[in-house]
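Please read the following note alongside the sequence and the 3D view. It moves from the whole chain to individual residues.

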Amino acid sequence: MISSDKQDVLFVCGGKAGLSLVAGALFKQRSAGRGRIRAAVLDKQGRLHPTAARLMLARGLAISCADVMDAGALSGLAFDVVVTIGDAAGARTPAVAGNP
């Protein structure tokens, strides 16, 4: 759990299932809003996996592709914590500024 100070947290996934959105939404809910959450994907597909959307809606969390950024747009942004989901995300996520 993060401290009481707001930290910038980035979740990155490959993009096909929208796992960065799912992880970011769950983290935001569980951390009681103590972090500024961003989600990014390596290969933006243009639509969220329907099962991911249904599961999140069942938890009372609405997520959409509008909430995710392309990993190519990370240049120049700074984050305190970067969470990569899957081997491809770990290997292909561009370097970001800050203290990840």
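**Note on the predicted model**

1. Residues 24 or more positions apart account for 72% of the contacts in the protein with a separation of 6 or more. A contact here means heavy atoms within 4.5 Å.

2. Some remarks on the origin of the values are in order. This is a predicted model, in which local features need pLDDT of at least 70 and side-chain atom pairs count only at pLDDT 80 or more, while totals for chains, interfaces and linings use all residues. Residues are numbered from 1 along each chain as its sequence is written, and side-chain values use heavy atoms, with hydrogens and water left out.

3. The protein contains 3 helices and 6 strands, arranged along the sequence as β-α-β-α-β-β-β-α-β. Its radius of gyration is 13 Å, close to the 13 Å that the globule rule gives for 100 residues, so the protein is as compact as a globular protein of that length. Helices (H or I, at least four residues) and strands (E, at least two) are DSSP runs, numbered from the N terminus. The radius of gyration is taken over C-alpha atoms, and the globule rule is 2.2 Å times the number of residues to the power 0.38. Along the principal axes, the C-alpha atoms fill a box of roughly 35 × 30 × 20 Å.

4. Burial and surface may be considered together. Of the 100 residues, 34% count as buried; buried means under 20% relative accessible area, exposed means over 50%, and partly exposed lies in between (1.4 Å probe, protein chains only). The protein exposes about 5,800 Å², and carbon and sulfur atoms supply 52% of this area. Accessible areas come from the Shrake-Rupley method with a 1.4 Å probe; for residues, only the protein chains shown count as cover.

5. The mean positions of the 12 positive and 7 negative charges are 8 Å apart. Lys and Arg count as positive and Asp and Glu as negative, whereas His and the chain ends are not counted. Each charge is placed at NZ of Lys, CZ of Arg, CG of Asp or CD of Glu.

6. Is S20 buried or exposed? S20, which lies in helix 1, is buried, with a relative accessible area of 0%. The side chain of S20 reaches the backbone oxygen of A40 at 3.1 Å. This is a polar contact, that is, a pair of N or O atoms within 3.5 Å; within protein, one must be able to donate a hydrogen and the other to accept it, and residues adjacent in sequence count only if both atoms are side-chain atoms. Not counting residues up to four places away in sequence, S20 touches F11, V12, C13, A39, A40, V41, V68 and I85.

7. S31 occupies the loop between helix 1 (19–30) and strand 2 (35–41). At 1% relative accessibility, S31 counts as buried. Its side chain reaches the backbone oxygen of K28 at 3.4 Å. S31 and R92 are 61 residues apart in sequence, and their C-alpha atoms are 27 Å apart in space.

8. Which residues does I37 contact, leaving aside its neighbours within four places in sequence? I37, in strand 2, is in contact with V9, F11, G24, F27 and K28. I37 is partly exposed, with a relative accessible area of 23%. Its C-alpha atom is 9.8 Å from that of V81, although 44 residues separate I37 and V81 in sequence.

9. M69 belongs to strand 3 (residues 68–70) and is buried, with a relative accessible area of 16%. Beyond neighbours within four places in sequence, the contacts of M69 are R38, A39, A40, V41, L74 and L77. M69 and L42 are 27 residues apart along the chain, with their C-alpha atoms separated by 9.0 Å.

10. V83 lies in strand 5 (residues 81–85) and is partly exposed, with a relative accessible area of 28%. Leaving aside neighbours within four places in sequence, V83 is in contact with L10, F11 and V12. V83 and V9 are 74 residues apart in sequence, yet 7.7 Å apart in space, C-alpha to C-alpha.
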